Amino acid sequence: MFFEYSLLEMYLATMPIIIYATMHLYNNLGQRTEFYYANLGILLYLFGSTFVFLFYELYSFFDRSNIFYKNLMTINLTLQFIKFGFFFYQLKLIYFNKDGKYN
């Protein structure tokens, strides 16, 4: 069972992180925090990835075609690139800022 995908474990691991990231963004609504874009990237990726894997398990249960699987993996890969885009933008704001303040 170690190599088997567990939907419950994925749900129990990602949902608290999604809830915490959403609460963190809500609490810092009026101000710009240090890791705003990194938090936003993690939130978008985990939210989208959770639904991608939920849909994959649903369609694999009904034994659907392989084309849908490829589309889901493309969506997941796109979400990864968006997350890394937010990370690199946050890195740019932190390390390449001349005046020491965040935008």
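The following conversation concerns a predicted model of a single chain.

User: What does the secondary structure of the chain come to?

Analyst: The chain has three helices and zero strands. From the N terminus on, its elements run α-α-α.

User: And what does the chain average in pLDDT?

Analyst: The average pLDDT is 82, and 87% of the residues score at least 70.

User: Which elements have the lowest and the highest mean pLDDT?

Analyst: Helix 2 has the lowest mean among the elements, at 84, while helix 3, residues 66-95, has the highest, at 87.

User: Let us take helix 1. How many residues does it have, and what span does it reach?

Analyst: Helix 1 covers residues 7-27, which is 21 residues. From its first C-alpha to its last it reaches 30 Å, close to the 30 Å expected at 1.5 Å a residue.

User: Which of its residues are buried?

Analyst: In helix 1 the buried residues are Met10, Thr14, Ile18, Ala21 and Leu25. The cover over these residues includes helix 2, residues 36-61.

User: What about helix 3, how many residues and what reach?

Analyst: Helix 3 has 30 residues. Its first and last C-alpha atoms are 43 Å apart, close to the 44 Å expected at 1.5 Å a residue.

User: Which residues are buried there, and what covers them?

Analyst: Leu72, Asn76, Leu79, Lys83, Phe86, Gln90 and Leu93 are buried in helix 3. Helix 2 is included in what covers them.

User: Changing topic to the surface: which residues form a nonpolar patch?

Analyst: The patch consists of Phe47, Phe51, Phe55, Leu58, Tyr59, Phe61 and Phe62. Together they have about 740 Å² of accessible area.

User: Where is Phe62 placed?

Analyst: Phe62 lies in the loop between helix 2 and helix 3.

User: Why does Phe62 count as partly exposed?

Analyst: Phe62 is partly exposed because its relative accessible area is 48%, and that class runs between the 20% limit for buried and the 50% limit for exposed.

User: Lastly, what share of the contacts with a separation of 6 or more is between residues 24 or more positions apart?

Analyst: Such pairs account for 68% of those contacts in the chain.

Notes. Residues numbered from 1 in each chain as written. Predicted model: local features only at pLDDT ≥ 70, side-chain atom pairs only at ≥ 80, totals over all residues. Heavy atoms only, no water. Helix = DSSP H or I, 4+ residues; strand = E, 2+ residues; numbered from the N terminus. Expected span 1.5 Å × (residues − 1). Buried < 20%, exposed > 50% of the residue type's maximum accessible area, 1.4 Å probe, protein only. Contact = heavy atoms within 4.5 Å. pLDDT = per-residue confidence, 0-100. Patch = residues over 30% accessible without salt bridge, like charges linked within 9 Å, V, L, I, M, F, W, Y side chains within 5 Å. Areas by Shrake-Rupley, 256 points an atom, 1.4 Å probe, with all protein chains shown as cover. Salt bridge = Lys/Arg side-chain N within 4 Å of Asp/Glu carboxyl O.
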